[in-house]
Amino acid sequence: MRLLIPFVLTHCSIFLSQPALAQNGTIKGRIIDGETKEPLPFVHITIGESGKGTVSDIQGQFSIELKPGLTRLNFSAVGYEKEFRLVEAKAHSVTVLNVEMMRRARLLETTVVSAGRYEQKQQELTTTVDVIQPTLIQNKNTITLDKAVEQTPGVAVVDNEPQVRGGSGFSSGLGSRVLILVDDMPLMRVDVGRPVWELLPVENVEQIEVLKGASSVLYGSMAMNGVINVRTAFAKEKPETRVNVFSGLYELPKGRRWYSSRDRLLEGRVPFFSGLGFNHARKQGSWDIVIGGNFYFENGFVGPEKLKPDTTFVKPSDLNPKNKGRYDRRGRINFSVRHRNQKVEGLVYGLSGNVMVQHQAESYFWYDDTTGMYVSFPGSLYNYKDVLVYLDPFITHYAKSGDRHTARGRYFLSHNDADKDQFSQSHNFFAEYQYQRFFKKIGFNLITGLSGQYTSASSRIFIGLPGGGNRSHQQNAALYLQLEKKMFKRLTVLGGARFEYFEINGLERGKPVFRTGMNLMLTEATYLRGSWGQGFRFPSIGERYILTNVGGFGFFPNPDLLPENSWSAEVGIKQLYRIRNFGGFVDLCGFYQHYENFVEFNSGRWGQTGNISKDLGFRFLNTGKARVWGLEASVAGSGKFSDRVEFQMFGGYTYTLPQTLTPDYVYARLTWLPNKDTITYLNSTVGDTARRILKYRIQHLVKWDCQLNVKLGRKNRHQLFAGFSVRYYSKMQSIDRFFYDLDTPTAFATGIRHYRDRETGNTVGDARVGVILGETWRVAWIVNNITNRAYALRPMSPSEPRTWMLQLGLSL
């Protein structure tokens with residue numbers, strides 16, 4: 001009897017409730033972008049003021065049940081104007097409602113993913129994130145993406161190494177503190193901790209996000225100073241094919257040319273370059289398909305090695321037998337396939353990949369700072385043959401409740417051959433699972449996940465292991481969590497934590513790191529932000545175990561190298577503005593970063609053979625404590641002067657003060673030398689030691705870019721554009737004393753003293769002009785380094801002279 005009563009009551013309640021449920025009507029339809037007509041996934045559809053509702057699926061489809069009568073539906077998505085529809089639901093019937101949503105002004109509503117691993121408005125972030133749009137890459141005919149990143153305020157790429165706000169110096173391509181991502185996954189040579197710019201798919205970029213400050217909580221060890229995330233584009237509703245062909249010349253300054261004007265291009269002695277890039281994207285039913293490629297040929301602007309008559313530092317036998325100067329030959333193919341499952345709603349999976357083969361030569365030091373600036377110092381030219389491959393499987397499930405499950409992985413093969421038997425090969429396996437949920441009613445966002453990484457490396461240069469051998473392995477595991485809450489519709493607060501575990505050749509370390517931040521909307525156009533986060537970086541295999549010789553100098557291992565720790569803080573304010581048809585933002589911020597066990601690349605007599613020419617070189621050392629603080633101001637804007645004339649601009653100024661806090665700290669003792677020499681910051685550095693400035697840092701950076709677009713023709717189908725950019729780099733105040741001591745005729749005579757005595761800073765300007773004919777053709781003329789300034793960001797390694805480039809683009 002006790003069981004019968006609940007059974008009867010339950011079934012009666014179900015029976016009685018069915019007429020009420022049956023009275024509901026259904027509203028369903030599709031939401032698309034008003035301009036591109038692309039479907040819009042993850043649009044929030046809410047019922048009146050209730051906050052209840054649903055989310056559109058991956059194809060922009062939605063369905064919602066309503067009580068009979070008139071009801072207001074609200075449609076909202078990041079980066080789009082809100083839409084409202086008054087609909088009438090009828091019992092027992094289905095009403096179709098299709099909605100088009102319009103994008104807000106691009107600069108005012110730029111969205112980013114890198115800061116929190118989900119789409120957010122740029123002005124609502126708790127940290128500084130700069131965004132590079134693909135139009136800039138295309139208009140400047142950027143050959144590799146480091147040139148695009150170089151235009152970002154506060155960022156300098158020195159000898160292929162990204163420096164964000166002075167957080168790192170020169171380390172010969174080992175141990176970057178800035179993490180490069182492609183579609184939220186690391187793409188670095190993990191054995192050496194180095195970015196491979198040529199591998200990044202420049203022909204298929206949706207946008208590049210540059211996140212400044214410690215990002216270890218979300219992205220791990222290598223993100224101590226920041227993250228550069230390259231987001232690639234997927235296929236759109238309309239098939240698209242783009243082809244880009246270009247060719248150009250390097251023009252060396254007069255008096256510094258190593259080639260004759262009579263030399264012919266086909267003889268390979270005049271510095272020139274040419275390339276071709278393509279990308280095709282299309283939807284085929286439930287499949288998205290993208291395939292692209294890039295091919296590049298260059299005779300570099302740095303010429304062959306030349307023997308110095310007086311030096312005893314190198315011998316004729318040290319000259320490279322393949323002494324042709326700097327060059328680059330490479331080919332790359334990338335693809336991406338994505339499938340939207342038709343049986344399981346919200347399920348998407350696919351595979352992306354990239355393959356590159358490259359032959360190149362690099363010169364590490366110039367012959368001298370005058371007529372030999374673009375000539376290789378004897379023994380410093382090396383030829384490389386590289387094969388790089390990565391494959392990225394992924395699967396994602398989007399639920400209408402707001403849940404998102406993502407599992408993704410990456411296999412990365414790096415095979416490298418170089419002169420003097422400098423072979424290395426590494427296999428890197430990365431996997432991550434991530435769960436996200438946005439609780440719309442309470443404005444609460446949850447992100448959590450776990451990741452693992454394993455690297456196996458075999459090499460003839462990473463052989464400085466305590467027990468010998470040429471094989472190393474490295475593994476990493478992490479668990480992370482971030483919570484974000486929006487309160488009072490104005491204040492956003494977040495907190496996050498990550499536990500990171502590392503093991504490299506038997507040495508284990510584990511450490512938790514934490515992050516917190518806030519963003520307060522003071523007015524509808526004024527946003528105040530603040531953040532604090534910890535960083536933790538474990539040295540790479542290369543930093544700990546490298547043992548080789550490059551450019552006449554040795555690279556010596558340090559198997560006792562310890563992980564470095566940091567914390568950083570930032571306070572900033574972003575002001576949006578609109579003046580008639582012109583809108584944008586002004587941003588001001590101050591930042592501070594503190595380091596413990598700071599790792600620096602140090603020169604000295606590290607070898608113990610007794611032969612000074614073999615014992616001189618470089619080694620990574622823990623140098624004590626350091627700090628970097630500074631200020632940054634940036635501005636951006638775009639708008640129309642008339643129906644035919646548009647103007648875009650962005651730029652910024654960054655000041656940093658990078659200092660050692662332990663100038664007298666003894667971080668090495670050369671006990672094998674007669675005088676038992678000790679190494680400190682003060683006795684190994686030349687430059688501004690009074691202010692304790694860290695080596696190889698640029699303290700003042702100015703960046704500016706602007707473009708004017710003029711539409712032509714009766715229907716404004718054509719466009720003429722002209723743009724200009726400028727960059728200013730202040731002089732590096734401090735470098736290794738080692739180079740000054742050796743700058744004598746019989747030793748390593750590079751003229752570095754003379755160059756630095758004359759150097760005051762470097763201003764470099766670029767210009768571009770072109771025409772776009774309809775939606776098909778593009779022709780542009782581009783000149784970089786207009787004044788043909790002879791300069792070097794990294795001492796003794798010349799930067800590019802003036803380049804003349806012709807670009808031809810085709811879109812179908």
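**Exercise 1. Which residue takes a positive phi in the hairpin of strand 12 and strand 13?**

Solution. The structure is a predicted model, in which local features need pLDDT of at least 70 and side-chain atom pairs count only at pLDDT 80 or more, while totals for chains, interfaces and linings use all residues. Residues are numbered from 1 along each chain as its sequence is written, and side-chain values use heavy atoms, with hydrogens and water left out.

Begin with the strands, which are DSSP runs of E with at least two residues, numbered from the N terminus, as helices are runs of H or I with at least four. Strand 12 covers residues 155–158 and is joined to strand 13 by four bridges, the two running antiparallel; two strands count as paired if DSSP finds at least two bridges between them. Within this pair, A156 stands opposite Q163 of strand 13. Two residues lie between the strands of the hairpin, and D159 is the residue with a positive phi, near 55°.

**Exercise 2. Describe the setting of Q434 and of N323.**

Solution. Q434 belongs to strand 29, which holds residues 424–439. Because its relative accessibility is 2%, Q434 counts as buried. Its side chain makes a polar contact of 2.9 Å with the side chain of Y480; such a contact is a pair of N or O atoms within 3.5 Å, where within protein one must be able to donate a hydrogen and the other to accept it, and residues adjacent in sequence count only if both atoms are side-chain atoms.

N323, by contrast, is found in the loop between strand 23 (303–305) and strand 24 (327–340), and with a relative accessible area of 25% N323 is partly exposed. Leaving aside residues up to four places away in sequence, N323 touches P304, E305 and L381, contact meaning heavy atoms within 4.5 Å.

**Exercise 3. In what order do the strands of the two open sheets lie, and which are the edge strands?**

Solution. Strand 11 runs antiparallel to strand 18 (residues 205–212), to which four bridges join it, and V129 stands opposite L211 in strand 18.

The other open sheet has four strands in the order 35-36-40-39, again with mixed pairing, and its edges are strand 35 (548–550) and strand 39 (599–605). Strand 35 is joined to strand 36 (residues 553–556) by three bridges, the two running antiparallel, and T548 stands opposite F555 in strand 36.

**Exercise 4. How many helices and strands does the chain have, and how many of its residues, in percent, count as buried?**

Solution. The chain has nine helices and 51 strands. Of its 812 residues, 57% count as buried. Along its principal axes, the C-alpha trace of the chain spans about 105 × 75 × 45 Å.

Methods: Buried < 20%, exposed > 50% of the residue type's maximum accessible area, 1.4 Å probe, protein only.
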